[in-house]
Structure formats: structure tokens, C-alpha cells
Amino acid sequence: MTFLLFPIGLFPFIMCASALVFMSPSWPTTALSLVSSSRARARARARARSLVAPAQFKRVHPALLAAAASFCLLQLLTPLRHRLYGGNVLWHEQGMRFSWKVMVREKNGSITYIVESQRAHRTWYVSPHKYLTDRQERELSTQPDLVLQLAHRVRDDFHAQGHDDVTVRVEAIVSLNGRSAAPMIDPTVDLARIDDGLAKASWILPEPQGPPIHLRPAWSAARLASRSGS
């Protein structure tokens with residue numbers, strides 16, 4: 001039902017699968033026993049494993065402990081890496097992935113690429129729809145790294161057409177969590193010469209300030225109108 005009501009991708013299915021960890025550890029054995037004639041032998045093996053004395057287990061190798069500790073540390077630090085960039089991660093999205101920020105931002109955007117050739121004295125306006133499906137375009141319009149990737153694709157296509165001197169700029173107007181739309185990417189920067197990396201992206205503009213727009217409910221507006229009329 002969550003998948004049908006909300007456009008959040010595979011998240012509902014992942015959560016359904018993850019819910020199995022709250023069930024009894026023996027549920028796989030129980031499920032298989034419904035279609036298997038070896039139910040009694042499976043229970044016997046389970047009882048035998050539960051009776052093994054702790055002293056019979058071998059000591060864990062220090063290298064395995066170090067690997068497990070490193071894995072746990074990685075799982076802790078990776079979601080927090082966005083703090084190294086400063087600003088609002090919901091806007092610039094550097095370190096957004098794996099950052100425990102699920103369902104905390106709603107963004108809408110409009111993207112137009114501006115390609116210019118000094119040699120040909122021409123300017124082209126390229127829509128992402130030329131390269132992407134509607135769903136892909138919605139995802140790209142609010143994520144700076146994806147905007148940069150498509151800018152490189154546009155640049156390569158114009159190079160293949162013989163326009164090897166083109167600059168690729170972008171007009172990216174984005175709204176975050178109901179705020180007024182604002183430029184997300186510096187429109188003066190040539191994205192064709194920008195390489196994506198781990199450093200802080202100076203070509204991403206600061207997030208807009210101020211609270212979201214407050215919309216008065218329709219029933220409240222109607223009540224105010226009736227009161228003013230009376």
C-alpha cells in the first residue's frame with residue numbers, strides 16, 4: 001500500500017524484507033518444513049546446534065574483529081560525511097546518498113542547458129527531455145551531480161558534431177520543501193570544464209533562505225470570505 005500511495009521507489013519492498021529480522025530465527029526452517037518431509041531431522045539438527053557448549057567455539061581471530069570494527073565504523077561515518085561540506089545537504093546534495101535523510105526533502109526543478117560556440121557565433125538551448133525519460137528528468141532536475149553528468153554528455157555530442165569549442169551552462173531553477181524557486185547552479189560556470197569529485201562544489205549556489213510559503217487551507221479562506229461578507 002505504501003508503494004501504491006507514495007512514489008518512493010523500492011523503499012517499501014526493502015522494508016518488508018527487512019522486517020524478517022524481527023521474526024523468530026527459526027522461521028526459514030519452519031517455512032521449509034511445510035514443503036519438506038525432513039521436518040523432524042531439521043528440528044533435531046537445530047536442537048543439536050543449540051546444545052553446543054560455548055567452550056567448543058574457537059576464539060575469533062583479531063583480524064576478523066578488526067574487519068568487523070572497520071565495517072561498523074564505515075557504516076557510522078558514511079551517513080555523516082555530508083557535514084564536511086557545510087550548508088544544507090538537502091540543497092547541494094553532496095553526501096546526500098546514504099545519509100539517513102529519507103523523506104525529509106521535496107524538490108522540484110526546471111533545467112535548461114545553454115550551449116554556446118564562439119567560433120560558430122551560435123547559441124543552442126537544450127532540454128534534458130532530449131536525452132531522458134520523464135522520470136529521469138525529474139530526478140536530474142534537483143540533483144547537481146546528475147546535472148553535471150548530462151552537461152558532459154551534451155558537450156560530447158556537440159564535440160562529435162564538430163563544435164569542439166562549446167561552453168555548456170545551465171539554468172537550474174529549483175524549489176526546496178515549498179520555498180520559492182531559486183537558482184541551484186551558477187549560470188555563469190562552464191560545466192563542460194567541471195569535473196565531479198569529492199571536493200566541495202563551488203558551482204552550486206547557496207540554498208535559499210527563509211521559511212516555506214504558507215498556504216491557507218481552502219476551507220479557512222472560504223470562512224474568512226464569508227465573515228468579511230457578513
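Colleague: What should I know before I start?
Modeller: The model is predicted, so local features need pLDDT of at least 70 and side-chain atom pairs pLDDT 80 or more, while totals for chains, interfaces and linings use all residues. Residues are numbered from 1 along each chain as its sequence is written, and side-chain values use heavy atoms, with hydrogens and water left out.

Colleague: How much space lies in the largest pocket?
Modeller: About 1400 Å³. A pocket here is an open set of points on a 1 Å grid over the protein atoms alone, where a 1.4 Å probe fits, with protein on both sides within 12 Å along at least five of seven lines. The volume is the space filled by probe spheres set on the points.

Colleague: New topic. How many aromatic pairs are there?
Modeller: The search of the whole structure finds 2. Rings of Phe, Tyr and Trp (its six-membered ring) pair if their centres lie within 6.5 Å; planes under 30 degrees apart are stacked, over 60 edge-to-face, the rest tilted. Phenylalanine 3 and phenylalanine 13 have ring centres 5.0 Å apart and planes at 55 degrees, so that pair is tilted.

Colleague: Where do those two phenylalanines sit?
Modeller: Phenylalanine 3 is in helix 1 and phenylalanine 13 in helix 2, 10 residues apart.

Colleague: Last one. Which residues have the most contacts inside the largest nonpolar core?
Modeller: Tyr113, Val115, Val147, Val170, Ile185, Leu191 and Trp203, in a core of 32 residues. A nonpolar core is a set of buried Ala, Val, Leu, Ile, Met, Phe, Trp, Tyr and Cys residues joined through side-chain atoms within 4.5 Å. Buried means under 20% relative accessible area, exposed over 50%, partly exposed in between (1.4 Å probe, protein chains only).

Colleague: Which element gives the largest share of this core?
Modeller: Helix 8, with 6 residues.

Terms used:
1 Å grid on protein atoms, 1.4 Å probe; cavity = no way out; pocket = protein on both sides within 12 Å on 5 of 7 lines; lining within 4 Å. Helix = DSSP H or I, 4+ residues; strand = E, 2+ residues; numbered from the N terminus.
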